[in-house]
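Take a walk through this structure, one region at a time. Keep the sequence at hand as you read.

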Amino acid sequence: MDNLAFEMNEDAERKVVSEGKMNTFSRMEKTRQWSLMSIFLVCLLACTITTVIGVLIVSLVYVNNPQPHSEPGAQSLQTAIPVVPKAVDPKFQFLYHLPKSKVFEYPGGTIQWARYRNNANDYLSIEEEAFGSSLNSQRSQISLGTLRIKSSGLRAPHWHFNANEHGYLVQGTAWVGVVDDGAVVTTYNVTAGQVIFFPKNTVHWIKNVGSEDCFFLLFFSTHEELQTLDVDDVFFSTPEDIASRSLKPEGGINFIRTFHKQKEDQGVNLPPNLAELVVNANYSQSPDNFVWRYFYDLKGSKEHRFPGGIIQLAQYWKNSSELSHNEKIFSEFLNQHQKALSLSTLRIYNNGLRQPHFHFNANEMGYVISGCAKVGIINAQSSTEFDIHIGDVIFFPTGTQHYIKSTCDEDLLLILAFSTGDQLQTLDMDDYLQATADHILAQLFFKKQSEFEKIPQFKEDQAVNLP
């Protein structure tokens, strides 16, 4: 009995142990199955996410690089031909045919630009892009715009965030207004051949008060895209209650609500019913001590005469002893402003030559008012030569040697802007060769020292010379 009981008990214990092991194995198997399932689900999720991301990337690439549309009647299967960028003549780093640029039309006039653009799609041609990119990469601190205002038209009151503005009136008569930071208003009249100056962030306007179009050349002291705000745009962007509280007009906010923004941009303004709107216009002139801060009579300034032409300058002069009282006002005020420009007219007689030279402290930009010429440029990378005609814009980076030879029967007339508010520093080829020791030149050019005695020294400055 004892042995039987013992055996029965032992069998029972073995059964319990066996069932325990089976339960443990079952739990382990289930756990293993859940682990495999988890891994499978994680892998499946990862694959799904990767597929979705891949599809999105392909979609974005397709959107940003749309395939060409087939023309009606064309074969559906086409061989993709890579687009090869057109080569740009290197001269267009220094030359721009402004008459070919986009004309921005307004009710009262037009504007055209020779400047850098943030969006390359805004350029009309690869030549325009080459010129704009050159201005920016060379940090020229100069951009140019032409402004044509119809009779009685108005360049709306505005200001520029990132540039001083210098203008030269080629044609017409205008009345100019400037509002400085003390809310002091300066107004003056300007005629052809005179210069205007508006410091950065100074409110100003230009009104054509003559019977013919006004045509301005406007230079801005920036190589970035110009940033401008017009007064009407600011007004209509201001909440009505804020405008009402600021101006406190009779009728309050109801008066503000009587103003309506025009559908067409009023950058250059000329209402068709102007005679009904304005019945008493006063084109007054402020005292000279205010006017000459923003005005310079370039055509009436000193003529620097040379055998082959004439140069006149609207710039800062360190030695102001030869300046008039009013010219001193302009010179000193110009020098007070960072990144101001200097302007100049250059007249070259037929077959005259502005001899090779370079500027130490300024980039140079020019506009052809009349005549034609051949221009040559020599920099560290290369040299190039090209022709220029009326309306063309030229650009010479600091330190780049350049020359201009008049090739028309009529005089060549250029308006030039230089990226400095200090006195311009220039060195001509004859001056630096004459200043170099003849034995240095003999060694450099493999010529006998005595040969350099054949280069004459002139009493008269040959900056602009004739044969």
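Which residue in E4 does Trp 113 stand opposite? The answer is Gly 145. The model shown here is a predicted one.

Strand E3 covers residues 109-114, and strand E4 covers residues 143-149. The two run antiparallel, and six bridges join them. Strands of a sheet pair through backbone hydrogen bonds, either parallel or antiparallel. Arg 115 lies over the face of Trp 113, at 4.3 Å from the ring centre.

Now widen the view. E3 and E4 belong to an open sheet of seven strands. The order is E2-E3-E4-E11-E6-E9-E14, with antiparallel pairing. Strand E2 (104-106) and strand E14 (295-296) are the edges. Each of these edge strands pairs on one side only.

Next come the aromatic rings. The structure holds 17 aromatic pairs. One of them is formed by Tyr 96 and Phe 131, and it is stacked. The centres are 5.6 Å apart, with 20° between the planes. Tyr 96 lies in strand E1 (residues 95-97), while Phe 131 lies in helix H2 (residues 126-137), so the pair ties together parts that are 35 residues apart in sequence. Both Tyr 96 and Phe 131 are buried.

Trp 292 and Phe 295 meet in another way. Their ring centres are 5.1 Å apart and their planes stand at 85°, so this pair is edge-to-face. Buried means under 20% relative accessible area. Trp 292 has 12%, so it is buried. Phe 295 counts as buried as well, because its relative accessibility is 7%. Both rings belong to one aromatic cluster, together with Tyr 188, Tyr 296 and Phe 330.

Move on to strand E17, which spans residues 342-348 and includes Thr 345. Is Thr 345 buried or exposed? Thr 345 is buried, because its relative accessibility is 9%. Which residues does Thr 345 contact, leaving aside its neighbours within four places in sequence? They are Tyr 168, Leu 298, Ile 310, Ile 311, Gln 312, Leu 413, Leu 414 and Ile 415.

A hairpin comes next. Strand E20 (residues 373-378) pairs with E21 in the antiparallel sense, over six bridges. Four residues lie between the two strands of this hairpin. Ile 377 has Thr 384 in E21 as its bridge partner. In a regular strand the side chains alternate between the two faces of the sheet.

Finish with the empty space. Rolling a probe the size of a water molecule over the atoms shows where empty space is left. How much space lies in the largest pocket? The volume is about 880 Å³. This pocket is lined by 28 residues. The closest to its centre are Leu 154, Gln 266, Asn 269, Pro 271 and Leu 277. Strand E5 (154-160), helix H3 (231-237) and helix H6 (274-277) each supply at least two residues of the lining. H3 gives the largest share, four residues.

Conventions:
Residues numbered from 1 in each chain as written. Predicted model: local features only at pLDDT ≥ 70, side-chain atom pairs only at ≥ 80, totals over all residues. Heavy atoms only, no water. Pairing = 2+ DSSP bridges. Buried < 20%, exposed > 50% of the residue type's maximum accessible area, 1.4 Å probe, protein only. Contact = heavy atoms within 4.5 Å. Phe/Tyr/Trp six-rings, centres within 6.5 Å; stacked < 30°, edge-to-face > 60°. Lys NZ or Arg CZ within 6 Å of the ring centre and 35° of its normal. 1 Å grid on protein atoms, 1.4 Å probe; cavity = no way out; pocket = protein on both sides within 12 Å on 5 of 7 lines; lining within 4 Å. Points joined across faces, edges and corners; volume = space filled by probe spheres on them.
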